[in-house]
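Here is a short briefing on a two-chain model. Start with the sequence and the structure below.

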Amino acid sequence: MAILEAESLSKRYRIGPREISVLDGVSLQVPEGQFLVIEGPSGSGKSTLLSLLSGLDRPSAGRVRIAGRDITDLDEDQLAPIRNGTIGFVFQAYHLVPALTAMENVMFPAELAGDPRAAAKAQALVRRVGMAGRADSFPHQLSGGEKQRIAICRALINAPAVVFADEPTGNLDSASGAAILDLLTEVHRERRTTLVLVTHNPRISATADRVVRIADGRLREDRSHAP
Amino acid sequence: MLHRRFVGRVLVQSRRQAAVLALCTALSLISLVALEGFAAGVRRTLIEDARRLQAADVIVRANLPFSPALTAAVEGLVEAGRIAAVRVHEFYSVARAAGGPATLLSQVKVVEAGYPFYGAVELAGGRALAEVLRPGTVVVEPAVLERLGMAVGDRLHLGETTLTVAGVILVEPDRPVDLFSLGPRILAGAADLEAMDLVRHGSRVRHRYLVRVLVEAQVPAVVETLSRAALAGQETVETAGGADSRLKRFFDNLRFFLGLVGIFTLLLAGLGIQSALTALLKDQERTIALMRALGATRGFVTTQFLVLVVLVGLAGTVLGLTGGALLQHLLPRLFGGLIPAGTRLGLEPRALVEGGLLGVAVVFLFAFLPLYRLGEVRPAAILQAAEQTLRRGPAYVTAAALAALFFVGMILWQVQDPRIGLLFVAGTLALVGIIWGLTLLVLGGLRRIPVGGLVLRQAVRGLFRPRNATASIMVTLAAALAVIFATLLVERNLNATFVQSFPEDAPNLFLLDIQPAQQAALAAELGPAAAFYPVVRARMEAINGVPVDRDSERRRRRDNLARTFNLTYRDGLLDDEVLTVGRALFRSDWPPDRVQVSVLEGVREMHAFQVGDRIRFNIQGVPLEAVVSSVRDRTRDSLKPFFYFVFQPEVLAAAPQTRFAALRVPAADIGRLQSRIVAAHPNVSVIDATAAARDLGRILRRLGTIVRFFAAFSVLAGLLIVVSSVMATRAARIREAVYFKILGARQAFVNRVFALENLLIGLISGILAAAAAQAGAGAICTRILDIGYRAYPAATLGLLAAAPILVMAVGMAASRGILRRKPEDFLRRQDA
């Protein structure tokens, strides 16, 4: 069963008199538990596709369904519980809340959901990624790799059906990047979480179940790797 | 090099921050400019209309009957055809309605024909005073008729005579404002003065000659002639323009105090300017870093922003000057009856020029540090997502020192009294310092204490957002609110103590000008509750042989040595007195021919008298030198009578004197007792202190409102800092709001977090303000005013409710665009 479905997605921007098409008629079905990589050169539209699939942005045309629910026309407040419970995000720039400690950042989505076990879950996750000793640090006290590990914990705390990761290793050195990728793939396997990851790193693509390639806003290639 | 297009673009792009900067500049000026312009208008009215307000060209005053030499000099000038002169006697006396029990302490003015030389006494019905005020008649203020239940045509007893009320006074030229007085006016003709028999030896009568100089150019010569004839220190001769009137002194004092409030606002608005400019420069930090990366020098960058600051500062200054000019037209309504009717207000060039210069000075002073720090922005900032932390180096210290010097200079310029100026500086620094310390303590505690509840925790974390200016906002708001609230608390306590619940143990009825021969009869009438005190009126001439400088004494804002003192004599201390220096009131080890005087601690505020100091008094022309034998203090201030100087009975028993009596009477009996005393002893003035306190309470309330009105501008400065702080942390707030939403928070959650953050700022500011105000007002009431203190918990709760609501409303209004930002929009900008 498809956990994520995109149907003829298009995204156009108007800048003055000019209309720019960033994405044009992309359709996609992502089965539950799949590790999907969206790859393509810079400016190809891959991050836009991720934004539309995750409900961060609204398409100019087409529909998006997550876990069977059409999210295309939902407003921000209607999207909130989906972002909180069904989706997890990992960004290239980490986007940790600067005023919160690492532990508090991880706990935050669970607390929003009113989960009384937020702290215990966060501790377990932080331990799992080897960050127990840094749990009380603030984001500015962490290295890039450490921030990203905390961001991954935060994305996973509510056991989302889909984790979206946008260039999660883009800001890291190769060793840290490899460690983060290992972590993501491990938790994907452990939890059978659907992972949708944007990258232009071919080595990451090689580890995915499936790779779709975007160029000039269109889906150019869709290939699956043998399990 | 100036890049005009760049400056224009930045102005448009950062228009909100620029607007707050301009508003802070305007706010720093508005109250001082309004006050200066308004004061200049009142001063001009007092000077230009001086002849009308004094009803004469030259005024000769004395608290004792005029000396023969002076009287001869006046009469000589009249006979020579150089001047016209009228004598005016003014005193308090109790009037009684003929045929009725009602009595009223009133301020009686007895004038000769010809009064007033300038202006006119306006009577109801429009008739002229000379036509109405005939022998055997009086004209009175409406309050006399109301309170005695009389009408025009009725008769009233005044002293030993009975006079007919012939008219109602609407305007009296030389009594232009509604200052505190113990009773309404009764105006009588000189022909009836003798029949009243109220001017006796030792009576409290203000004697005046109002002089009209027939050739205006001769005014200085007339003043010279009369001054030569006047008894130094006892009789004063002044021109109308130079007259040190009670009104002028009152207004100078009020303006002086409000000027200090204005400087306080200036200080807080200055902090607002710094905060707003920091917000503006923060908004442009990446642009600045980029310019530096492209090779712009520090000088180039600073020039562009300096020009921008000058433009915005000028706009703010113009706004402030305009606002101040407009505001001064509202002030007459605020001041009510406290300024002369017909005061003409207009643009005061001096106030505008001073305001303009002040605006430029304030902007440069507070813009210095943010502009200096422009040079510390490194090109690498364009690559850094994190906030740059700027060090507090020598420039910071220099800017802070310059700001401190500027304020000390401003205060000394405004106050023109180094002692009071430095006290004000110390007081302000103490207030701000204590609040700052408490703020840091509270914030430090909040940072460490684990906070439960998601929304509350996010809100608390928000307080520590880099560049949030949380401490500055709290200090500014708390200091401003503390000043406002403290004035309210002091006013309420004064009102409660002296007006609403007149002290139970304090006398409420005072009898003045009792002739010694009347004491026995009055003592029998009043019973043992009445305490009688002998009163001998005297002036102080010299201390240890050094003459008292009467001119400089009169310029003092508080009590001074140039006034007439009431001396008394007795052997021992009163119940509420203790000795602070010496073992007995009078020294037994001193030779018997040495005249001894015991002084009260209070008088040492005017001069630091020590035991052994020689004081020369002049008792109605007779010199008397006394040596200070002891210093007394009162165990608590109350309405009980007290005397600065106490002599041994044998020294003053034979001096010309009156008696003063004080007693406690059930309120319901005051009217009847007053009537009986006045019927039997018409020359005795009976003061109902509870009624006088009510009148004083009315003036206190109005003065409190005026002070709070001006202090409210400092609250606006605090709120503008809230706005500029929101702007300075705009990016961080947007980021937080977006992250919350990405992680699944609803808009309501985001709103709650930000609202709670502002609520916390307001609540903490309110608590600090309430604490500082309670401590300050408590100290003023118990230490300075020596009255009991009530904390007024309901009013305090009102402050604690109002402050958070105010800050939340302003903070949320300033954050409107921030809170609604969509995640994708933010993330796209980040990527860009």
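**Backbone, interface and cavities**

Pro116(B) sits in the loop that runs between strand E3 (103-111) and strand E4 (122-123) of chain B. Helices (H or I, at least four residues) and strands (E, at least two) are DSSP runs, numbered from the N terminus. This is a predicted model, where local features need pLDDT of at least 70, side-chain atom pairs count only at pLDDT 80 or more, and totals for chains, interfaces and linings use all residues. Residues are numbered from 1 along each chain as its sequence is written, chains are lettered from A and ligands numbered from 1 in the order in which they are written, and side-chain values use heavy atoms, with hydrogens and water left out.

**Backbone**

- Tyr115(B) and Pro116(B) are joined by a cis peptide bond, with omega about -10°.
- Glu167(A) has a positive phi, near 45°, and is not a glycine.
- Glu167(A) belongs to the loop between strand E7 (162-166) and helix H6 (174-191) of chain A.
- Most residues other than glycine have a negative phi, and most peptide bonds are trans.

**Interface of chains A and B**

- Chain A puts 27 residues in contact with 23 residues of chain B (contact means heavy atoms within 4.5 Å).
- About 2,400 Å² is buried between chain A and chain B, and carbon and sulfur atoms give 63% of that area.
- Buried area is the accessible area (1.4 Å probe) that two parts lose on being put together, summed over both.
- Two salt bridges cross the interface of chain A and chain B (a side-chain nitrogen of Lys or Arg within 4 Å of a carboxyl oxygen of Asp or Glu).
- Glu111(A) and Arg457(B) form a salt bridge through their side chains, at 2.3 Å, N to O.
- On the side of chain A that touches chain B, helix H2 (76-85), strand E6 (87-91) and helix H3 (102-112) of chain A give two or more residues each.
- That side of chain A divides into 16 nonpolar, four polar and seven charged residues.
- Ala, Val, Leu, Ile, Met, Phe, Trp, Tyr, Cys and Pro count as nonpolar, Asp, Glu, Lys and Arg as charged, and the others, Gly among them, as polar.

**Salt bridges over all chains**

- The count over all chains is 36 salt bridges.
- Arg134(A) and Glu146(A) make a side-chain salt bridge at 3.3 Å, N to O.
- Arg134(A) lies in the loop between helix H4 (118-128) and H5 of chain A and Glu146(A) in helix H5 of chain A, so the pair ties together parts twelve residues apart in sequence.

**Cavities**

- The whole structure holds five cavities of 30 Å³ or more.
- On a 1 Å grid over the protein atoms alone, a cavity is a set of points where a 1.4 Å probe fits but cannot get out; lining residues have an atom within 4 Å of a point.
- Grid points are joined across faces, edges and corners, and a volume is the space filled by probe spheres set on the points.
- The largest cavity has about 70 Å³ of space.
- Its lining includes Arg83(A), Phe89(A), Ile742(B) and Leu743(B).
- E6(A) gives the most to this lining, with three residues.

How values were computed. On a 1 Å grid over the protein atoms alone, a cavity is a set of points where a 1.4 Å probe fits but cannot get out, and a pocket is an open set with protein on both sides within 12 Å along at least five of seven lines; lining residues have an atom within 4 Å of a point.
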